[in-house]
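Here are my notes for you on this structure. Have a look through it yourself before you read on.

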Amino acid sequence: MHDFIEVTVTDGTAVNYRYNISTPKNAQAQSIDPDIPTLLFIHPEYQGSEVWYNQFSSKLRRFNLVSFDLRAHGETGGKIPASYSRVEAAEDTARLMDALNLPPAHIIGNSLGADIALQLAVAHPEKCASTTLISPIPDHEPDETTAGRKEILELVLQSYETADKELLSHAGWGVMQLLFSNVDTSLIRCVALALNGPRAHKSWGRDNADVFATMCYTYFITNRTPRTREDYSHISTPVLIIHSMGDLATPLELSKQLEDTLDDAGVHTQLVMIDDAPRVSPMTHPVPINRAIEKFIVLHTSTGRPPTPKPIFSPWDETLKELGWVPPPDIDDSDDSDDEEEFKVLPSNDKDLLDAVSHFIP
């Protein structure tokens with residue numbers, strides 16, 4: 001079970017956010033430990049909080065770890081206006097932090113989550129102890145990426161009109177290519193397909209095609225105004241950029257441009273590169289990701305670090321076990337560890353992929 005909290009968001013509606021707080025002593029706590037740093041995780045597009053499984057079951061559990069499902073994602077669901085953008089998303093996140101009584105936190109976002117995290121640092125620097133951007137989205141995505149997002153949208157809308165599940169399967173494969181470069185692991189199958197496939201139907205099914213169009217296309221293409229140097233100058237805490245070298249949608253040069261732009265605005269910025277990692281690298285490359293996050297947090301905090309709890313239980317263990325997931329041993333974040341899950345390539349006609357998208361069309 002996970003907790004929900006009602007928050008009045010920017011458009012005046014009440015949204016029931018699903019969230020989770022993990023402390024060193026409790027994987028599903030009611031509140032944080034005020035004596036240690038707090039890390040707030042913001043997930044990528046198309047997914048929910050469970051993408052952070054490898055972080056909530058690692059040495060990072062020596063800190064307070066907080067996750068939540070964004071609006072129109074995971075178990076939070078809900079409608080969003082057609083104009084929804086990172087401005088509203090960051091403000092909604094700030095209001096959620098207030099509702100949960102969170103102190104200034106180390107904000108960690110991946111893809112869509114990184115875009116929201118950076119906007120939070122711009123608009124609410126008082127809420128950020130630091131900001132970590134994993135596979136950040138540039139203000140202007142490459143033409144091929146924009147075309148890919150458009151193709152996914154068109155395939156989904158066409159499938160709703162024709163009840164053609166094969167079109168949905170092609171769209172699902174496009175999503176997997178965008179997020180995971182078609183890397184196939186047992187955790188990805190469990191979280192991205194078996195878990196979030198049925199959930200996505202609730203938020204983005206035929207009756208909510210407008211929500212899907214906004215959250216998975218117009219948010220990225222038409223609802224984002226490029227940030228200025230003045231915008232970035234409001235950031236008052238350090239920023240870590242983690243570039244996933246296997247990300248098919250964003251080349252390294254764009255992450256370097258962001259680093260240079262932030263530096264020019266007076267923001268202390270560090271860029272780290274993770275070899276061969278897809279966009280959602282926290283799921284596929286937890287060892288270097290967790291190591292980079294922990295080193296950055298320790299460098300920029302003055303509070304103590306309690307020992308890592310043993311054994312470590314993820315807040316999502318039971319949910320994933322019900323779907324057939326077999327949790328691995330505790331993730332070893334030590335410098336000499338290179339233990340990662342074996343990768344395969346996800347075929348476009350994969351049965352689990354077909355099962356995941358089949359929920360969209362009765």
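The points below go from the whole chain down to single residues.

1. First, the ground rules. This is a predicted model, in which local features need pLDDT of at least 70, side-chain atom pairs count only at pLDDT 80 or more, and totals for chains, interfaces and linings use all residues. Residues are numbered from 1 along each chain as its sequence is written, and side-chain values use heavy atoms, with hydrogens and water left out.

2. Now the overall picture. The chain has 13 helices and ten strands, where helices (H or I, at least four residues) and strands (E, at least two) are DSSP runs numbered from the N terminus. Of its 362 residues, 60% are buried; buried means under 20% relative accessible area, exposed over 50%, and partly exposed in between, with a 1.4 Å probe and protein chains only. Take the contacts (heavy atoms within 4.5 Å) with a separation of 6 or more: 78% of them join residues 24 or more positions apart.

3. Which residues touch the most other members of the largest nonpolar core? They are Y46, I107, I235, I293 and L320, in a core of 106 residues. A nonpolar core here is a set of buried Ala, Val, Leu, Ile, Met, Phe, Trp, Tyr and Cys residues joined through side-chain atoms within 4.5 Å.

4. On to charges. Side chains of opposite charge can pair when their charged atoms come close. The count here is 21 salt bridges, each being a side-chain nitrogen of Lys or Arg within 4 Å of a carboxyl oxygen of Asp or Glu. R18, E50, D69, E75 and R199 are linked in a network of such bridges.

5. Check the bridge between D139 and R86, 3.0 Å from N to O. It ties together distant parts of the chain, 53 residues apart: D139 is in the loop between β6 (128-134) and α4 (143-162), and R86 is in helix α2 (residues 86-99). R86 counts as buried because its relative accessible area is 3%, while D139, at 22%, is partly exposed.

6. R227 and D115 form another salt bridge, at 3.6 Å from N to O. These two are 112 residues apart, with R227 in the loop between α7 (209-221) and α8 (229-233) and D115 in helix α3 (residues 112-123). Is R227 buried or exposed? It's buried, at 10% relative accessibility, and D115 is buried too, at 2%.

7. For one more pair, R149 and E141 meet at 2.9 Å, N to O. R149 is buried at 1%, and E141 is buried at 9%.

8. Next, look at how α2 and α3 pack: the angle is about 75° and the axes are 8 Å apart. Axes are lines fitted to C-alpha atoms, for helices over the stretch in contact, and angles run from 0 to 180 degrees between N-to-C directions. So α2 is roughly perpendicular to α3, a label for angles of 65 to 115 degrees (under 35 is roughly parallel, over 145 roughly antiparallel, and the rest oblique). Among the residues making this contact are R86 and M97 of α2, and D115 and L120 of α3.

9. Finally, S159 sits in helix α4 and is buried, at 0% relative accessibility. Its C-alpha atom is 9.0 Å from that of R206, 47 residues apart along the chain.
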